[in-house]
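Hi there,

Here is the structure I promised to pass on to you. Have a look at it first, and then read on for my notes.

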Amino acid sequence: MVVRELKPGIYSVGAEDLDRRLFDELIPLPDGTSYNAYIIKGREKTALIDTVDPTKEYELIANLQKLGVDKIDYVISNHAEQDHSGTIPKILELYPSTKVVTNEKCKDLLIKLLLIPEEKFIVINDGEVLFLGGKTLEFIIAPWVHWPETMLTYLKEDKILFSCDLFGSHLATSDLYSTDEWKVYTSAKRYYAEIMMPFRMNIKRHLEKIKRIDVDIVAPSHGPVHAKPKMIMGAYEDWVSDNIKNEVIIPYVSMHGSTEKMVNYFIDALMKREITVKPFNLTKTDIGELAMALVDAATIVIASPTVLVGPHPLVAYATYLVNALRPKSKFVSVIGSYGWGGKMVEQITEMLTNLKAEVLEPVVIRGYPTEEDFNTLDNLADKILEKHKSMISL
Ligand code: FEO
């Protein structure tokens, strides 16, 4: 990729990964991703903000060569995860006098994950500054963006916040800056949902801290740079808030059609009550879409047949993810069917211990749904509407 200048002396030197389709062997990447890294040239010192995934090491090195960087005084490591730190060892090999600047927790992880020698580090604390000559970096410790060691780096003179994963998006694009705001919003929401949602309360505190800083540009380590940070910051404010939407999401699987018949009827019942419904057929869905829907929905209704005396394994997987992602949903229920028996409801509800949600009376039937069963689904839809009305102004 080409080197691009953000402002005089500040360059984007990272790499786009257009073809990557899976992150952490778990998260689908429909639009690829990027590993952003930035060079800041001060009058006296040069700093590199984060590096790139080791698979793209050669691109970072090529960009540094194109830019004529013959000395890097500091690599600022905002986050120890390897998609940003993985090329630090190569940088230390090519630039032997470089020091790694980071916080104590991040240092500990980098030593363990990348075997970087302890003497290579300069440890900083929250609020400390580093002078490059006409460019001053201030470090903001922001633990649990999704790992415990995360921090942000603020370039004071240019009012640029290097936020690493925070405000980022898995979106490979030739645009340095965010131009298609809706696309970037959607990708950023998906990314927030997939890894940051469980740490919503920590991020809320970080946003309060950031509000006190004058930020012109947000330069994350994935996806485009935000030249108008209001959009992404406003979006995060909404996602981490306690606001929920009049929405029901239905992750479901059906084996022989009974659960599907119930789901289809239930979708209509909710729509008749003007509730937004987002069904996800788990045999086909992209789990990133499911995660994204979990950011706002007031209610989750899990729909499953009974197999091997419990929920369908795909439902168990989705339920595990829902529990791990800790959405702010307030209500949860289960619908589905069985042939001769089982513990499908118990097994699903026992997996949802992280949710602070009220369990609404499940609707689990034997065999194919009858008129009576549809009436019971109508009652559940009524109950959901009543609950939503009690918490959301409709
Ligand atoms: Fe993009 Fe948490 O690494």
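**Serine 333 and its strand**

The side chain of serine 333 comes to 2.9 Å from the backbone oxygen of leucine 360. Please keep in mind while reading that this is a predicted model. Serine 333 sits in strand E22, and its relative accessibility is 1%. Since buried means under 20%, serine 333 counts as buried.

What is serine 333 in contact with, once its neighbours within four places in sequence are left aside? The answer is Ile300, Val301, Ile302, Leu360, Glu361, Pro362 and Leu380.

**How E22 is paired**

Strand E22 covers residues 331-338, and seven of its eight residues are buried. Which strands does E22 pair with? I will take them one by one below, starting with E19.

- Strand E19 (residues 297-304) pairs with E22 in the parallel sense, over six bridges. In that pairing, serine 304 has glycine 336 of E22 as its bridge partner.
- Strand E23 (residues 358-359) runs parallel to E22 and is joined to it by two bridges. Here valine 332 is partnered by valine 359 in E23.
- Strand E24 (residues 363-366) also pairs with E22 in the parallel sense, this time over four bridges. Serine 337 has isoleucine 365 of E24 as its bridge partner.

**The aromatic pairs**

Now to another part of the model. How many aromatic pairs does the structure hold? There are nine. One of them is formed by phenylalanine 167 and tyrosine 236, an edge-to-face pair with 4.8 Å from centre to centre and 75 degrees between the planes. Phenylalanine 167 lies in the loop between strand E15 (160-164) and helix H5 (181-196), while tyrosine 236 belongs to helix H7 (residues 230-240), so the pair ties together parts that are 69 residues apart in sequence.

Are these two residues buried or exposed? Both phenylalanine 167 and tyrosine 236 are buried. They also belong to a cluster linked by ring pairs, made up of Phe167, Trp182, Tyr185, Tyr192, Tyr236 and Trp239.

Best wishes

Terms used
Residues numbered from 1 in each chain as written. Predicted model: local features only at pLDDT ≥ 70, side-chain atom pairs only at ≥ 80, totals over all residues. Heavy atoms only, no water. Buried < 20%, exposed > 50% of the residue type's maximum accessible area, 1.4 Å probe, protein only. Pairing = 2+ DSSP bridges. Phe/Tyr/Trp six-rings, centres within 6.5 Å; stacked < 30°, edge-to-face > 60°. Polar contact = N/O pair within 3.5 Å; in protein donor to acceptor, adjacent residues only side chain to side chain. Contact = heavy atoms within 4.5 Å.
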